[in-house]
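Subject: Structure handover

Hello,

Here is the structure I promised to pass on. Please open it alongside this message.

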Amino acid sequence: NMSWFEDAAGNRIPIFGEGGGARTAEQLGTTLLGQIPLFPEIRAAGDAGTPLVVSQPQHRAALAYQALAKAVLAKLG
């Protein structure tokens, strides 16, 4: 999901609003598994053919993807 982007000072800017994913998960009786911020590096890595979690595994967005993957695996048991 496109949760937020960060400006040059590191402030989160929720350009699509906040809390929609959590509200939807609650309405559906499920758990919000993660929130992925918008970073230009995500697109650039995809365009280059190397996912951000491979090319920059310590990037904040890569860590968010890793946390999401762990949450999905935990739900699968």
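Below is what was found in it, region by region.

One point before the details: this is a predicted model.

Salt bridges

How many salt bridges are there? The count comes to two.

Glu-6 pairs with Arg-60 in one of them. Their closest N and O atoms are 2.8 Å apart. Glu-6 sits in strand β1, residues 5–6, while Arg-60 belongs to helix α4, so this pair ties together parts that are 54 residues apart in sequence.

Arg-43 and Asp-47 also form a salt bridge through their side chains. Here the N to O distance is 2.7 Å. Both residues lie in helix α2, which covers residues 40–48. They are four residues apart, about one turn of the helix. Are these two partners buried or exposed? Arg-43 is exposed, at 53% relative accessibility. Asp-47 is exposed as well, with a relative accessible area of 59%. Both count as exposed because the cut-off is over 50%.

The nonpolar core

Which residues make up the largest nonpolar core? It has five: Phe-39, Ala-45, Leu-52, Ala-61 and Ala-62. As background, nonpolar side chains in soluble globular proteins tend to be buried together.

Start with Phe-39 when you look at this part. Apart from neighbours within four places in sequence, Phe-39 is in contact with Glu-6, His-59, Arg-60 and Ala-61. Two of these contacts, Glu-6 and Arg-60, are the partners in a salt bridge described above. Ala-61 is itself a member of the core.

His-59 lies in the loop. His-59 counts as buried, because its relative accessibility is 13% and the cut-off is under 20%. A polar atom of the His-59 side chain lies 3.0 Å from the backbone nitrogen of Ala-61. Beyond its neighbours within four places in sequence, His-59 is in contact with Phe-39, Glu-41 and Leu-52. Phe-39 and Leu-52 are core residues.

Pro-57 is in the loop too, between α3 (52–55) and α4 (60–76). Pro-57 is partly exposed, with a relative accessible area of 34%. Leaving out residues up to four places away in sequence, Pro-57 touches Leu-52, Ala-62, Leu-63 and Gln-66. Among them, Leu-52 and Ala-62 belong to the core.

That is the handover.

Best wishes

Note on methods. Residues are numbered from 1 along each chain as its sequence is written. This is a predicted model: local features need pLDDT of at least 70, side-chain atom pairs count only at pLDDT 80 or more; totals for chains, interfaces and linings use all residues. Side-chain values use heavy atoms; hydrogens and water are left out. Helices (H or I, at least four residues) and strands (E, at least two) are DSSP runs, numbered from the N terminus. Buried means under 20% relative accessible area, exposed over 50%, partly exposed in between (1.4 Å probe, protein chains only). Contact means heavy atoms within 4.5 Å. A salt bridge is a side-chain nitrogen of Lys or Arg within 4 Å of a carboxyl oxygen of Asp or Glu. A nonpolar core is a set of buried Ala, Val, Leu, Ile, Met, Phe, Trp, Tyr and Cys residues joined through side-chain atoms within 4.5 Å. A polar contact is a pair of N or O atoms within 3.5 Å; within protein, one must be able to donate a hydrogen and the other to accept it, and residues adjacent in sequence count only if both atoms are side-chain atoms.
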